[in-house]
Structures are given as C-alpha cells and as structure tokens.
Amino acid sequence: MTQDGRVCARKADRGRPRPACPVDRAADGTWRVHDFAVARALLRAPGTVQAGLGVETVEKLPPRVRRPVLYRDGPEHREHRRQTARYFTPRRVDEHYREPMIRIAEEQLDTLRAAGEAPLCDLAFGLAIGVVSEVVGLRYGRPGIRRRLERFFPEEFGEPGLTSVRGLYWLVRQNTNWLRIHLADVRPAIRAHRRRAHDDLISHLLAEGCSDVEILGECLTFAAAGMVTTREFVCLAAWHLFSDAELLHHYRTADEAGRLAVLRELLRLEPVIGRLRRRAVESVELSSPDGPVTVCPGEYVEVHLDDANADPEAVGEDPLLVRPDRAEAVGAGLSFGDGPHRCPGAHIALLETDVFLSRLFALDGVRMSGEPRVAFQEAIDGYEIRDLTVALSRAGRG
C-alpha cells in the first residue's frame, strides 16, 4: 500500500506519493516532471542536454578529449549513435549475442549448482559483465574484472574535490580504480584489437581514431549502463517471480515473447534508475493543467521515471500492479529513457535477463533464501537489491 492509499506491487518503492500536479518545482528551483506524456515530450524534444550522471566532472576534461557518447548532445551525439546503432539492433542481438548469453548464463548457474546456493547479485553481475564484455570487446583482460568493477562502482559514493579529506580520498581512489581497469582490461583489449580488427565497439572506436583514454571512458560508460543496471534488474525481477506464484507460473509456461512481456512490465513498474536529469540550453515549454510553464536556459529538469511509468493516463488502470498484458501497448514505459539518449542496449538487457532467469527457474527446487534488502543511490534514485540468496535442492544441483 502506498502513502496515498493505492495498492502497490513494487518491491523497491521509493516511498513518496505521486504528486497530483504533472509538473512542479523543488525548493532549489529544479523543475520536476511526473507525467508520462510531458516526460516523453521533454526527452524527445531539443533544447536540453544531459545533466547529472557525472557530466559536471566530464565537462572539466580538456576540449581535445572526446567525451563518451552518454555525455554528448546534438549533431555529434546523433552521428555517433548512427554509426554504432548496428551493434544493438534486435537482429544482431539475436544472431551475435544469444549464444554467448546462453554460455555465460550457464557458467553462472554452474557456480550455483556447485555451491548449492549463491547471492543472486553475484550471479547477475557475472552475467552482465560477460555479456557487455562481448558487445564492447573486453575479452582479453586479466582475471578479476568483477572485483575491479566493484571497486569502481562502490555502494556509497563520495563527492570528489580537494576541499575535504573525504573528497580527496574519493578522488584518489577513483583515479586508482580507473588505472586498474585501464591496465588490466582496456589496454589488453586495445592491443588485441590493433593486431586484429573485430566486429565490436572497441574496433569501431579505434577506426574513429580514439585514444586509449577515450576508449577507457566509453568502456566505463557501457559498464555503468549495461552491467550495474542489469544486475539490479535481474535481482528485482527474480524477487517478483519468487514472491508471486501466479506470475512465476505465467513466466515459466510462456514462450519467449510472453516472458519478455513479463520483464518489460516489471521494468515499467520498477525502473532501475528513478530520475533522469536535464539542463535547458534554450527555453523549453512544458505542459501543465494551469497552462504551459517555461524552463529557462540554465535551469534543470528532473524526469521522475517511477511516477511517469505509473501514470494511469498512459499505462492504464492499476498502474502499480503487475499486468504483463499491458506490455504490448506501453512496453517498459520510460525505463530505458526516450529520445536521442534512449538506452541503445535495451534489447540486450531484456534478452540476457530472460536467458538467465528462464534457466534459473527451470532448475529443480530453486528457491529464495534470506530476506532481500533494498537501498537507493541518491544521485540517480537507483535501487540496489542485496541479500537475495538463491538455493537449490539436491535434485537441482545434479
């Protein structure tokens, strides 16, 4: 039950009632969008650029250093997306990545079979690391990439800077982690791709003349976008399936299209990232019941995805309940964003999640043990699912 009395199936409820007004303003002047149609129009329209997600730090890089695609806008961003779109089409995902997904999923399940039980976040992270490494081209690094990435994406973030001991420590720590990943993972991959071209992102970046530092930035961007978020969604989706016998039966007996519909609906209900932040570079008009409001250049807008995805005008009745049949019309809502910055790896994330979960729930006697714990990353309002352990019966281990 939500604070405003609505029945809610969310596991990672952010604990705030959905405002009655589709557009409001925070005390610091940030515009906040809660309405699906207004949010989608904002994300699709020109006039804003990326904000948050560390963009302020990236903007301090020397002008000669090419920014990762996440932090670019306008014609440069559109051209990059056009050139790399072929790596993410549904056909390519199916033809090039399905088999690696199956192999990597089975490797993680072999770990579960051998131990009898395992933290699901570890299995999901292994899955996501393996799949993104295939797409990007990080196949040549030293053992231990999971530990290096865990250090780079800690559960608590500090604020970089030179004005405090904590800020200085965070700055030194992150620079050290960048160096570890560069030396152990990215540099070996670059060397292998220079010896022999591959049909993947690193070869494309080399052909574009990118430096090692620029390739490192792109690899870490894809790591954040494709590894961390997928890990959390795998855990969240599994938690729903373990907790709802009817939904689990529906998922187990459906074909792949039906299973993907379940996953899209769960992601609509539970977007991994709760907020997207934009900065206006020209005047932007937003709809409001009291008439349009104008966001002036330099002002910030936050799109609250959890609110937009629960807008009954867009997604239908009972927006806080799981209804897989609605996925055909609304998909995952705005959980992958929209417009020029819509996540290019959406199909990859959904397919790898299904490849793994469909095999996990086919195991004999699989069950959830322990009580899952939910935490949130304040910077992006993103959830983290921890302490969800999966266990197998003796028959399932065989």
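## A pair of crossing helices

Helices α9 and α15 cross in a right-handed sense. The model in which they are seen is a predicted one. Two packed helices are described by the angle between their axes and the distance between the axes. Here the axes come within 10 Å, and the crossing angle is roughly 45 degrees. Angles from 65 to 115 degrees count as roughly perpendicular and those under 35 degrees as roughly parallel; α9 and α15 are therefore oblique to each other.

Helix α9 covers residues 212-243, and helix α15 covers residues 346-360. On the α9 side, the contact is made by Thr230, Phe233, Val234, Ala237, Ala238 and Leu241. On the α15 side, the residues are Ala349, Leu350, Glu352, Thr353, Phe356 and Leu357. An α-helix has 3.6 residues a turn, so residues three or four places apart point the same way.

## Helix α5

Helix α5 consists of 17 residues. From its first C-alpha to its last it reaches 24 Å, close to the 24 Å expected at 1.5 Å a residue. Of its 17 residues, 15 are buried, so the helix is largely enclosed by the rest of the structure. After α5 comes Gly137, which has a positive phi near 115 degrees.

## Salt bridges at Glu134

Side chains of opposite charge can pair when their charged atoms come close. Glu134 forms a salt bridge with Arg103, with an N to O distance of 3.2 Å. This pair links distant parts of the chain: Glu134 lies in helix α5 (residues 120-136) and Arg103 in helix α4 (residues 90-115), 31 residues apart. Arg103 has a relative accessibility of 41% and so counts as partly exposed.

Glu134 also meets Arg139 in a salt bridge, at 3.5 Å from N to O. The relative accessibility of Arg139 is 34%, which means that Arg139 counts as partly exposed.

## Other salt bridges

Arg231 and Glu232 form a salt bridge whose closest N and O atoms are 3.0 Å apart. Both Arg231 and Glu232 are buried. Elsewhere, salt bridges that share partners join Arg14, Arg16, Arg275, Arg277, Glu302, Asp306 and Asp381 into one network.

How many salt bridges does a search of the whole structure find? The search finds 32.

Conventions:
Residues are numbered from 1 along each chain as its sequence is written. This is a predicted model: local features need pLDDT of at least 70, side-chain atom pairs count only at pLDDT 80 or more; totals for chains, interfaces and linings use all residues. Side-chain values use heavy atoms; hydrogens and water are left out. A salt bridge is a side-chain nitrogen of Lys or Arg within 4 Å of a carboxyl oxygen of Asp or Glu. Helices (H or I, at least four residues) and strands (E, at least two) are DSSP runs, numbered from the N terminus. Buried means under 20% relative accessible area, exposed over 50%, partly exposed in between (1.4 Å probe, protein chains only). The expected span of a helix is 1.5 Å times one less than its number of residues. Axes are lines fitted to C-alpha atoms, for helices over the stretch in contact, and angles run from 0 to 180 degrees between N-to-C directions. Angles under 35 degrees count as roughly parallel, over 145 as roughly antiparallel, 65 to 115 as roughly perpendicular and the rest as oblique. A crossing is left-handed if the near helix is turned anticlockwise from the far one by less than a right angle, and right-handed if clockwise. Contact means heavy atoms within 4.5 Å.
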